[in-house]
Amino acid sequence: MLYKEPAPIKDRENPFESMMSRFNIAAEVLGLDEETYNVLKSPTRQVIVNIPVTMDDGKVRVFEGYRVVHSTILGPSKGGIRYAPDVFLDEVKALAAWMTWKCAVVDIPYGGAKGGIICDPFTMSAGEIERLTRAYTQSLMDIFGPDRDIPAPDMGTGPREMAWLMDEYSKMKGSTEHAVVTGKPLVLGGSLGRVEATGRGVMVSAMAAMDKLGMDPNNTTAAIQGFGNVGAWAAKLMAERGVKILGISDVSGAYWNEKGIDIDEAIEYKNAHNGRLEGYKGAELMDDAGDLLTSKVDVLIPAAVEDVITIHNVDKIQAKLIVEGANGPTSYKADKIINEKGIMVVPDILANSGGVTVSYFEWVQNRMGFKWTLERVNERAERIMNEAFERVYAASQKYNVPMRIAAYIVAIDKVAMTYKYRGGF
């Protein structure tokens with residue numbers, strides 16, 4: 001089964017421009033000098049490759065692929081590879097920049113990168129996807145490397161594709177290079193706890209925010225928009241801590257149970273039905289899936305795709321707290337209204353950074369040649385996420401800005417200071 005981590009797709013607002021709008025606000029608050037601003041606003045490298053692949057019918061099809069390295073100031077660049085028919089360059093640029101800010105927020109020594117190939121993996125055979133992955137790896141041999149640029153799974157890719165990438169890179173290097181990629185199968189050096197890491201980070205962020213707001217988990221309700229890997233794990237872990245999950249949704253629709261949904265049952269049903277909730281009887285199917293976002297709950301977790309909270313529905317949102325499991329689920333234009341309503345938002349570059357945190361742990365374990373226990377992975381990941389939350393919350397209070405802008409301030413300040421200590425260019 002493919003690992004799917006939420007990532008933006010082509011939307012009403014250009015994703016790179018949306019990222020830059022928030023970047024500009026934070027840069028102004030920090031008083032960022034012009035030199036550093038110009039260095040941080042643009043990707044270090046943008047690569048476009050054309051990849052010929054022999055398909056199962058014998059015909060050769062050429063795919064367009066991308067790899068954008070936003071920054072290597074903090075360390076080697078890190079970021080997933082997305083396979084989807086609607087990948088486009090500005091999306092990949094935005095994702096790469098968000099990875100830079102995520103790594104800086106959680107204080108791990110990575111810069112940001114992202115990759116993508118325009119294709120539909122769900123209409124391709126395993127052999128075609130393998131040939132595509134290996135050819136993409138060959139095209140980017142001068143980019144990838146354990147100390148240069150480290151890929152990972154994203155939407156449409158998973159441990160299988162990462163295994164092929166690692167193998168192809170290793171063949172061309174003449175030695176096994178586990179650390180060139182993260183999100184691998186466990187037998188190839190993957191880390192325990194990686195699959196659930198993003199959802200766990202969302203849970204940790206939600207619990208920390210609830211504590212600041214004086215919300216008792218045992219008297220708190222939530223709705224999860226998106227019941228894929230991230231949303232399902234976030235729901236499960238929050239339910240274990242007493243939060244009542246009233247609504248969940250996926251591509252088949254939104255499901256509501258006023259008495260609370262049995263999350264373990266819902267996950268079991270989804271896993272038994274090709275990863276979909278369609279036909280699930282543990283909750284009622286809502287007439288309009290979009291109503292889940294505006295339902296009467298205390299906590300809303302958008303964990304599917306980008307731009308689901310917009311100027312068209314933000315006025316109707318009733319939640320006191322929004323925790324962004326997806327990348328870019330809130331449009332830039334909706335930010336002002338959310339802030340005016342007094343809703344706390346734990347932004348994507350903080351809330352869903354648990355995934356890259358445990359990816360970092362996998363890389364560290366590969367470099368050490370020593371595996372950590374699941375308990376050690378989870379304990380260290382939760383500590384890092386809690387510390388990151390406290391840094392962002394403190395910045396929010398210091399500068400009197402929303403949590404989203406505070407997260408950008410924390411991230412940009414760290415990268416900017418590192419740039420200056422390194423002596424610039």
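Which side chain meets that of Asp-264 in a salt bridge? I began my notebook with that one, and the answer is Lys-236, at 2.8 Å from N to O. I took a salt bridge to be a side-chain nitrogen of Lys or Arg within 4 Å of a carboxyl oxygen of Asp or Glu.

**Ground rules.** I am reading a predicted model, where local features need pLDDT of at least 70, side-chain atom pairs count only at pLDDT 80 or more, and totals for chains, interfaces and linings use all residues. Residues are numbered from 1 along each chain as its sequence is written, and side-chain values use heavy atoms, with hydrogens and water left out.

**Back to the opening pair.** I found Asp-264 in helix α8 (residues 263-272) and Lys-236 in helix α7 (residues 229-240), 28 residues apart. Helices here are DSSP runs of H or I with at least four residues, strands are runs of E with at least two, and both are numbered from the N terminus. Asp-264 is partly exposed, at 45% relative accessible area. For this term I used the range between buried (under 20%) and exposed (over 50%), with a 1.4 Å probe and protein chains only.

I searched the whole structure and got 27 salt bridges. One of them joins Arg-67 to Asp-149, with the closest N and O atoms 2.7 Å apart. Arg-67 sits in strand β2 (residues 60-69) and Asp-149 in strand β5 (residues 149-153), 82 residues apart.

Next I looked up Lys-212, which bridges to Glu-390 with the closest N and O atoms 3.2 Å apart. Lys-212 is in helix α6 (residues 197-212) and Glu-390 in helix α12 (residues 374-399), so the pair ties together parts 178 residues apart in sequence. Lys-212 is partly exposed at 32%, and Glu-390 is partly exposed at 39%.

I also noted a network of salt bridges linking Arg-22, Glu-324, Asp-335, Asp-348 and Arg-404.

**The sheet.** I then traced an open sheet of five strands, in the order β1-β2-β4-β3-β5, with mixed pairing. Two strands pair if DSSP finds at least two bridges between them. The edge strands are β1 (45-54) and β5, each pairing on one side only. Inside the sheet, I saw β3 (residues 77-84) and β4 (residues 111-118) pair in the parallel sense over six bridges. Lys-78 stands opposite Gly-112 in β4.
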